[in-house]
Structures are given as structure tokens and as C-alpha cells.
Amino acid sequence: MKNFSISFLLLFFTLCALAQNAREDIKNNPYLGGDNYTAYQEPTKALTPAPEGYEVCYFSHYGRHGSRYLIGKSVYEDPVKVLQAAQDAGQLTEKGQEVLQKCIAIRDDAKGRIEELTPLGAQQHRAIARRLSERFPEIFGGNNVIDAKSSTVIRCILSMANEMTELQGRNPNLNIKMDASEHDMYYIIQRDKKLESQRNPRGSEADKALKAFEKSKFDPTRVMNVLFKSENYWKENVENPKHFVTTTLWKVAQDQQSLELRKEFSLLDIFTNDELYNIWLCKNAGWYVTHGPSMLNGGTQIYAQRNLIKNIIEEADATLPTLLADDNARQFVPSAHMRFGHEVVVLPTACFMNLNGAGKLYNIEDLEKNKWYDYKIFPMASNIQMVFYSSTQAGAGINDVLVKFLLNEEEATVPDLKAVSGPYYKWADVKEYWQKKLAKFSE
């Protein structure tokens, strides 16, 4: 009976863990509600061994920069201005005064560092590099060539540099080539003005749907009354209280997880768990519509970074035949192509690839129950890794190559394709799938 009870409890806790949803995730770690400001979560699962008779031969990758300061000086100044004006008018509660001092500390910490990589961001990329060298010694060992390209934005360059420096430190024999040039920006972060204009134009179906969804999910009254003594004061003096709570304050509070100041205090205690969850629901829906597969704006946003898909195909096609034909090719042909950029590339790319079903069509009200969670797709330092495997059988060639996808270092599935085994897919099938999908899009 005792053994039965223990077994039952283990099963119960396992089922609870499997059933965990976003509300529970955010309750356990409020920073997961941080949307694109969420810090990178290290992988926890072991990798599935390759099918018998296959070995690692090539690596292709796109990664977002690591944790950063917020973009724009005003984002730090705005909460201080509003709260300081209330303080001068004698309208801040004790909690409001505490929040003001915290916002001042965060603003001062960010002076001269707007949108730059933080120490945590550098650590994230060094840790990713450490795991790469441990997981794939066939790629990051010996005197192999690693070709790394970055967005010209400094936080991306430093993310690349930290990752490559760690790899070089672990293997001084690596031949690492790094570059950050306008020459490569057409695929590192493609700018399609036509698609950008269609994301969420004011008054559009997408705009109306998101505003209605947000209105149903959040009322700023409780938070405002915690900070300000008089409800009449903030209603008369704070322009758009909802925006002040869910964007102005929330953004500074959530991005604090990227700063060293996270070790000293938190701003998230302004919000209840339910409020953090409901704000996340709105942000999550916003990303799904503006950069995901939503049909509210025509369902075309997953093509926004199509140049990256083409580049991945081109570089694999140019590299794999040589690597497969010549055992000594790794001395002059890249074993890995690594690209460093932004979350606005990672998200539509993951949706185009349909990793873990990220490209599936849902109503925005149904995203949470279908486990479309932005923090699992594009947190700070998010990455898409493609690991290629060649057959060791005599006469095997490019058509026998398998590929495995890792989203944030966790194995990912492609529901539209039939796997050869576990998370392993035929590269020929993946390539055909992508090319057919690209052909459907009209420039």
C-alpha cells in the first residue's frame, strides 16, 4: 500500500507538471510574463541521440542578442516624471514614493547605456557557447571554421563576440570569422516596408481586435490607487492610466530582470499575479498578430524574414556537398554558419518553420489554451539551432542528410513534416517544405 501511495503521488505531480499553463508559469516566475523582455531560461532536457549510422556534420543558427537595457531614453524618464509630479503635489502614497525611488535608481543605472547589452546578456551567450561546445564537439572541436555574422547593432555584435570568445577559449584551434556589416543586413534583419505597414495599422481589423481584447483583460484602477492618494488626481493628471500601468511601469518593471539591480529589489510587487498574467495575455496576443501567423492582418507576417530562410538554404547547399565529399574540408569550409540579430527575426522565422506549431492559426482568445507562449519562443538570447547529420553508410549523399531543430536549445518538432526518427527530419523534406511555402508568397 505504501509503495502504491508513493507511485500515485509521483504520477500526480508528473501530471501536474505536464499540465502546467502560462498562468502557473507566471505565478511561479513572474518574470516569465515579461514578453520579449523575459530573460533566457537554460535548457533542462537531454538531447535525443541521433539515429544509428548518423553523425553530426554541419550547424546553422540564428540567435537574438542577450538581455539588454530598454530602447529609448524616454522609457526610463516617463515613469519618473509622472510619479515625481504626483510627489510634488503631495499625491503619492507610501508605496508610490517607494516605486518612485526605484524608478529613479533604474533610470540612473541606465544613463548612457540605452539599448545596450547588460552583463547578464553577455553571460547568456557565454553559457550557450559552453553548451554548444559540449553538445556538438564535431562542429566546435578541432580546427574547424566557424562563420559568424551579426546585425550592425552593438548589442548584437557584443552577443556574437561573447559567444565566439567563449568558443575560442574552449578550443583555441577554432578558426572563427566574425563580421557585422550592412552587406549582410538584408537577411540578418530584413526590412519589408509593405509587410510592416500591414502589421497593425490604426483602425484595421487587427487593431480593433487587439484593443477589444486588451479592454476585456485589464483595468488599471487598483494599481493606480495603490500608487496615488486620490483617484480624482490620477484621473485628471495621468494621461491614459492604462498605458501608464501596462506599458510605462510594466516595461521598466519587467526589464529589470536584465539588470544587475535585479539583485537588489523588484518592481513587480506593484502587480498581483492575476494582473501580470492578464497583461501578458495582451502582449502575447499583440506579438502573435504583428509578427506571427494571425489572419487578422492577412497571415503574411511569417514571410517578413524570408531572406533569412533563403540564406539558410543557400549556405547549407553551398557547404554540405563539400563537407560530405572531403574529410579535410573543415579546414577551409565553415562547419557552422551563425547569425546574430533580433527577436523580430526569431519570431516570424520560428512561425514560418512552424517549430512546435508556432505557425498554427488561432483566434487570439485561444492562444493561451493552445500553449502559444511568447516567452518560450523569443526571450532574450533566444535562438534557433539546426543540427545536420550525415549518414556513415558508403555511397550516402546529400539526400540522406537529416536535420534536427532546437528552439532555445530544446528539441523542437515540425508538425507539418514526417520525422525519420524522434526530432530528426530529412533535410530534403525540410528544404522542399520551405521552398513550397516561399513560393506561395507574392512579393
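Predicted model: local features only at pLDDT ≥ 70, side-chain atom pairs only at ≥ 80, totals over all residues.
**Largest pocket.** Start by selecting Lys45, Tyr373, Tyr375, Lys376 and Glu410. The pocket around them is the largest, with a volume of about 1100 Å³. Those five are the closest to its centre among the 31 residues that line it. Next, colour α1 (2-18), α2 (22-28) and β7 (410-412), each of which supplies at least two residues of this lining. By class, the lining of the largest pocket divides into 14 nonpolar, nine polar and eight charged residues.

**Second largest pocket.** Move to Glu214, His243, Thr247, Lys251 and Lys283. These lie nearest the centre of the second largest pocket, which is lined by 31 residues. The elements giving two or more residues to that lining are α10 (205-217), α13 (241-255) and α14 (273-291). Select α14 on its own: the largest share of the lining, seven residues, comes from this helix. The volume of the second largest pocket is about 930 Å³, and its lining holds ten nonpolar, eleven polar and ten charged residues.

**Cavity.** A search of the whole structure for cavities of 30 Å³ or more finds one. To see what surrounds the largest cavity, select Ser60, His61, Tyr62, Ile312, Met353, Ile384 and Met386. Its volume is about 30 Å³. Strands β1 (54-64) and β5 (383-391) each supply at least two of the lining residues, and β1 gives the most, with three. Five lining residues of this cavity are nonpolar, two are polar and none is charged.

**Helix α15.** Ile312, already selected as part of the cavity lining, is also one of the buried residues of α15. Select residues 306-325 to show the whole helix. At 1.5 Å a residue, its 20 residues should span 28 Å, and the end C-alpha atoms are 29 Å apart, so the two values agree. Now centre on Thr319, where α15 bends by about 25 degrees; Pro321 follows within four residues. Thr319 is itself buried, and the other buried residues of the helix include Arg306, Asn307, Asn311 and Glu315.

**Cysteines.** Finish with Cys156 and Cys351. What keeps the sulfur of Cys156 from forming a bond with the closest cysteine sulfur? That sulfur, in Cys351, is 19 Å away, which is too far for a bond. The disulfide count is zero. Cys156 is buried, because its relative accessible area is 0%.

Terms used. Residues numbered from 1 in each chain as written. Heavy atoms only, no water. 1 Å grid on protein atoms, 1.4 Å probe; cavity = no way out; pocket = protein on both sides within 12 Å on 5 of 7 lines; lining within 4 Å. Points joined across faces, edges and corners; volume = space filled by probe spheres on them. Nonpolar A, V, L, I, M, F, W, Y, C, P; charged D, E, K, R; others polar. Expected span 1.5 Å × (residues − 1). Bend = angle between axes of the 7 residues up to and from the residue. Buried < 20%, exposed > 50% of the residue type's maximum accessible area, 1.4 Å probe, protein only. Disulfide = S-S within 2.5 Å.
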